[in-house]
Every structure is written in C-alpha cells, then in structure tokens.
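Q: I have a structure open here and would like to go through it step by step. Could you help me read it?

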2 protein chains.
Amino acid sequence: MATRTAIEVPYHHGNLETALVDAAIVLVRKYGPDHLSLRAVSAEVGVSPSASYHHFGDKDALVSAIGNVLFDRLAIMQEKAIAKVNGKGASASIKKFEEMGNAYFAWAISEPNLYRLMLGGFCEINMDEHESKAWNLLRDGLDELAAHGVIDKSARNGGEVIVWSAVHGASSLAIEGLMPPSDFPLVLKSIKRSLGIKPKD
Amino acid sequence: MATRTAIEVPYHHGNLETALVDAAIVLVRKYGPDHLSLRAVSAEVGVSPSASYHHFGDKDALVSAIGNVLFDRLAIMQEKAIAKVNGKGASASIKKFEEMGNAYFAWAISEPNLYRLMLGGFCEINMDEHESKAWNLLRDGLDELAAHGVIDKSARNGGEVIVWSAVHGASSLAIEGLMPPSDFPLVLKSIKRSLGIKPKD
DNA sequence: TCCCTTATCTATACAATGTTCAGATTATGG
DNA sequence: CCATAATCTGAACATTGTATAGATAAGGGA
C-alpha cells in the first residue's frame, strides 16, 4: 500500500518508486512538465537511468504517477480548507463551498507547473481511484448546499461540471497570464450566481 | 505582413517561416505539443534543421508562433459562427453569444492537441496583438447584450473573465476526458444564468 | 547454513533530439 | 557587375528515451 508520505527512512535501496515520483515532482515544479528528464530524475535519486524502467514501463507512466499523486495533494489542501470552517448551518455550507474553490485556485496558481502537468494532457488521470477524492469533495459540497436548501434541484443537476469548469478555467487562465488572479472572486461570485446562491454583500 | 494563407506559390525557397509554422501545426495536431520535433518539421518542409534557426531563435519561438496563429484561427471560426446568425434584436444577440461559445468549444474538442498547445503553457501568448481578436469578439458580444438590456451593468462587469473561464475550463476538461462533451449545454446554460440571461426553455 | 530463484540495479549501446558554427549558396542593390 | 547581406547546408556535440545483457542483492526452502 505505502501511503507515500514525503520522508521515509530506508531510502537508498528500498522504495525507489516513491523516491522517483518525489524527485520528479521537484523537477517538474522547477522546469515544467515538458522538460522533465527521466535521466535527471534518476540522477537526483542517485540511481541508473535504466533502474526506473523496472518500476515504470515508460516515461509517460512516471508522469501519470506524478499526476495522480498531485490530485491527491490538491484534494488534501481542499480538505484542510474545509476543515477550518466551523458551524453546520446553511451559511457554513456556503462558506465551505467558497473555501473549497479558493483553496483549489490558490494551490493551482502557486504551483503552475504541477497544475499544468495535471490537466495539460501529460498524464492519464485515474478517474475512478484518485480523482474521485477531489470529485467526491465537490459532490458532497453541492449535496450539502442542496440539503440546506441553498440551491434547488435544477441547479444541483450537473453542478460538478459547471463548478469545476469555471474554477479550472480560471486557474488555467491565471496561470497562463490571461487573467489577473485578483479576478478570481468575480468568478467565484458568478458561480454562486449560476447556482442560485444569493450574495450577501 | 504576409497574412499567412495556407497555400502560397513560391514555396521551396521563399517563405520558409510560414511553411515551417504550417508544417509544425500538422505535426502538433498528430502527435501533441510535447513530442514536437524541430528536425521533423524541417524534414517535412524539405529543409535542413539548422535553417529554422534563421527564422526562429528557438524551438519555443516556433511554438509561440504556432500558438498565435491558432488563436487567429479560433477567432475566425467564432466570427463565422456569429455571421450565420441573422437578425438584430435582443434575442439575436443572445443567439450570437451562444453560437460564439459553441464554436469555441467545438473547435477546441475537435483539435485537442492544438488547443493544448495554445493554453497549456507551451507558448507565450501575445495578448496585445493576436489574442485581442478573440478577446474583442467576446467583449463586443457582451457589450451587445448589455446594449439590448439583456444583461445589466453589474453582470457586465468582468464578464469576459467569467465567460472565458467557464468555456475554456469546459473545453479543457472535455479534452482531458474529465467531462463528457455532451455536458457543454449545461455549462453554457449556467453561464447565461450567471449573467442574468433568462433561459427561454 | 547453503543454494537457487527472483527482484532490483548497472553498464553499455543506439537512434533521435535541440543547438551551434563554419562554410556554401543565393539574392539584392548600388 | 560585383560586393554585401540574407539564407541555407553539413558536420558536430551534448543530452534525451529506451532496449538489452549482465551484475548484485534479497529471500526462502532444504
């Protein structure tokens, strides 16, 4: 199982697979998803280039592994943000929803290269396993809004796709310098408006 | 100036620059923005690899040139779609707005690799020159909606970013297989709702 | 404890890539 | 018509992904 915590003790010989992923993430963050070199990753870990091929059949396989790890990290950030919100009423569910979006956007623009790898066509995303963590978070958030009567059923329908499109689009545009990050509140407000959540300001 | 039509007459020696861009687009479409090879492009045109360096200082420069050309093509598709709508009233302006979004999305998912190149961090987008064509299209569309009283000023504010975020996000997610293309109408409807355009169905 | 099987890693090699540089070719304009 | 600039070629270099064959280490049954 090996739940992939960042630091693990017996490193040099042992858990090469996770070591490669961790080193690759560092390099991708620095130099971007294109420009990732398998040889550089191997060198960073202190291992021969060929060694990687016993754990990943391909460079693309490594990249896909990275992608799925990153989706987990992003989901964890969102969970942390949600956990900070206390209260249980309708307004708390709205606050949680907002903080989920803010956490997503903040993480994306703080890690442009990692985010590009995740959603730029570099990796095959395992929709059923990892990605579901983030997806379920969104689904639960919308369900909670519906349960509190903040949004009605017609707005609930397809809400995941609507929200993710807007938040991902904003993240991507901001990363590419086509939208000032300071405009994200506008986007978030428009999402709430499209869901029928009334702004209180 | 050389407005870059696809076919031009004196080709072998002459307008290498546009020939390289055209050939590169063909290869990117086939194999993706990563996996683009300068040597392959040069071979396709029938020229030495070094020849490219007299027109583009870098591989990245070629890629950026491609990106800006593609933004033009996308804008042209949108213009065509708008031109098909006749009438001049409020409902025509809504129809034009919808068709603009549909054309964007349709082009994006029909050219996933080209779209990835445009907005996946591969190229520096010339915001002031080329990109403005698509941006102005969106701005004018929103202005027209506002002029006909379909949307009010508070919705007009920041409308470009809101709309582009949602449409680009949906395009990107669909391309990466994370959203069924058949869900785009849902996204479009949510955009209209967030702008305060009442659905007529 | 010894040995055999299996997992893991190294060494070497190969074709393809981006890029550079010196030289050849072509066009241009005075 | 020729000198000067623009354009293209050829060969070279370091680096890349990847395949193959062999070395090393680990593990488990006798």
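Q: How many residues does the contact take from chain A and from chain B?
A: In this predicted model, the contact takes 29 residues from chain A and 28 residues from chain B.

Q: Which elements give two or more residues to the side of chain A that touches chain B?
A: Those elements are α5 (112-119), α8 (159-175) and α9 (184-195) of chain A, and the largest share of that side, 11 residues, comes from α8(A).

Q: And how do the residues on that side of chain A divide into nonpolar, polar and charged?
A: On the side of chain A that touches chain B, 14 residues are nonpolar, 10 are polar and five are charged.

Q: What rotation superposes chain A on chain B?
A: Chain A is superposed on chain B by a rotation of 180 degrees, with 0.0 Å of shift along its axis and an RMSD of 0.0 Å. The two copies are therefore related as by a two-fold rotation axis. The same surface serves both copies, since 97% of the contact residues of chain A recur in chain B.

Q: Changing topic, at what angle do the axes of α8 and α9 of chain B cross?
A: The axes of helix α8 (residues 159-175) and helix α9 (residues 184-195) of chain B come within 10 Å and cross at roughly 170 degrees. With angles over 145 degrees counting as roughly antiparallel, α8(B) and α9(B) are therefore roughly antiparallel to each other.

Q: Which residues make that contact of α8(B) with α9(B)?
A: From α8(B) the contact has Gly159(B), Ile162(B), Val163(B), Ala166(B) and Ala170(B), while α9(B) brings Phe184(B), Val187(B), Ile191(B), Ser194(B) and Leu195(B). By class, eight residues in this contact of α8(B) with α9(B) are nonpolar, two are polar and none is charged.

Q: What about α1 and α3 of chain B, at what angle do their axes cross?
A: The axes of α1 (residues 16-31) and α3 (residues 59-84) of chain B come within 10 Å and cross at roughly 85 degrees, which makes α1(B) roughly perpendicular to α3(B). Their contact is made by Leu20(B), Val21(B), Ala24(B), Ile25(B) and Val28(B) of α1(B), together with Leu62(B), Ala65(B), Ile66(B) and Val69(B) of α3(B). The residues of this contact of α1(B) with α3(B) divide into nine nonpolar, no polar and no charged.

How values were computed:
Residues numbered from 1 in each chain as written. Chains lettered and ligands numbered in written order. Predicted model: local features only at pLDDT ≥ 70, side-chain atom pairs only at ≥ 80, totals over all residues. Least-squares fit on C-alpha atoms with pLDDT ≥ 70 in both. Contact = placed C-beta atoms within 7 Å. Axes fitted to C-alpha atoms, helices over the stretch in contact; angles between N-to-C directions. Helix = DSSP H or I, 4+ residues; strand = E, 2+ residues; numbered from the N terminus. Parallel < 35°, antiparallel > 145°, perpendicular 65-115°, else oblique. Nonpolar A, V, L, I, M, F, W, Y, C, P; charged D, E, K, R; others polar.
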